[in-house]
Amino acid sequence: MATIDGLPPLREVIAAHDLVAKKQLGQNFLLDLNLTAKIARCAGDLTGCDVLEVGPGPGGLTRGLLAEGARHVVAVEKDARALPALAEIAAAYPGRLTVLHGDALDLDLSAHLRPPVKVVANLPYNVGTELLVRWLTPSVWPPFWSSLTLMFQKEVAERIVARPRDDHYGRLALLAQWRAEAKIVMSLPPEAFVPAPKVHSAVVHLTALPAPRYPATEKLLMRITAMAFNQRRKMLRSSLKGLSPDIEDRLLAAGIPPTARAEEISLEAFCTLARSFD
């Protein structure tokens, strides 16, 4: 990749700008530009797309996205130490990289992005799940993005794609699969990163559905699943009894045995139950 964009290897970039990864920022850098290019390709054809990247750090994935043909990359970086390194990438790709200094949780990014938009990021471990939930729960659907290609700790990735009766099945799986098609497309060992985390990582690709997979009111679905999965080992007639005095009848009408547990119930059934409260 360095020979393609004329920029130095990432180890040299990190040394030149003293970019030692900070644990409090959830930073783990990928230094292999072949890997970052592979992650960029997991997002599909980037030609003609704006790409949102959160936590670019020294810019390995940023370079992969640009080299793979992204029309424009908007990179949001909280760590001011990384800005000079990202400025060097912007200079190598005139007009194709915008770097925003700030916290992605606080910024309104819509003014900087032009559809179609893909989100591709090696998310900081400490904010990854929160960002995903925000992207999956906008006030209007379809969202601003057409797909999300995101790296998480492997356990989080497995929670996103889990099915009923899987150990990792829970609210995150329901939320992701209600409005998107989700699959794990790549796994990475700890030694791929600097510093090496204690866990494996995985890349999840989510494609936005034009409409939710099953009709349901979001607030009701979220409330029901929160109550159900907060008491995973309880029977649903017990964990959901605060919803309605006739909860057993509602469960039965939705095709859910009242003695079942949350981890056994499909997304479709939860949506059916939620509709009974509309």
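Colleague: Where is the place of Pro-142?

Modeller: This is a predicted model in which local features need pLDDT of at least 70 and side-chain atom pairs count only at pLDDT 80 or more, while totals for chains, interfaces and linings use all residues. Residues are numbered from 1 along each chain as its sequence is written, and side-chain values use heavy atoms, without hydrogens and water. Counting DSSP runs from the N terminus (helices H or I, at least four residues; strands E, at least two), Pro-142 sits in the loop between α6 (128-136) and β6 (147-153).

Colleague: Thanks! Is the peptide bond from Trp-141 to Pro-142 cis or trans, and what is omega for the one from Val-194 to Pro-195?

Modeller: The Trp-141 to Pro-142 bond is cis, with omega near 5°. Pro-195 belongs to the loop between β8 (193-194) and β9 (201-208). The bond from Val-194 into Pro-195 is also cis, with omega near -10°.

Colleague: Which phi value does Asp-18 have?

Modeller: Asp-18 is in the loop between α2 (10-16) and β1. Most residues other than glycine have a negative phi. Asp-18 is not glycine, yet its phi is positive, near 55°.

Colleague: How do α8 and α9 run relative to each other?

Modeller: Helix α8 (residues 171-179) packs against helix α9 (residues 218-230) with axes 10 Å apart and an angle of about 155° (on a scale from 0 to 180 degrees between N-to-C directions). Angles over 145 degrees count as roughly antiparallel, so α8 and α9 are roughly antiparallel.

Colleague: Which residues of α9 make that contact?

Modeller: From α8 come Arg-171, Leu-174, Leu-175, Trp-178 and Arg-179 (contact: heavy atoms within 4.5 Å). The residues of the α8 and α9 contact divide into seven nonpolar, one polar and three charged (Asp, Glu, Lys and Arg are charged; Ala, Val, Leu, Ile, Met, Phe, Trp, Tyr, Cys and Pro nonpolar; the others polar). On the α9 side, the contact uses Glu-218, Leu-221, Met-222, Thr-225, Ala-226 and Phe-229.

Colleague: And how much space lies in the largest cavity?

Modeller: One cavity of 30 Å³ or more is present (points on a 1 Å grid where a 1.4 Å probe fits but cannot get out; lining residues have an atom within 4 Å). Its lining is Leu-7, Pro-8, Val-13, Pro-58, Arg-63, Ala-85, Glu-88 and Ile-89, which divide into six nonpolar, no polar and two charged. Helix α5 (residues 83-92) gives the largest share of that lining, three residues. As the space filled by probe spheres set on the points, the largest cavity holds about 40 Å³.

Note on methods. Parallel < 35°, antiparallel > 145°, perpendicular 65-115°, else oblique. 1 Å grid on protein atoms, 1.4 Å probe; cavity = no way out; pocket = protein on both sides within 12 Å on 5 of 7 lines; lining within 4 Å.
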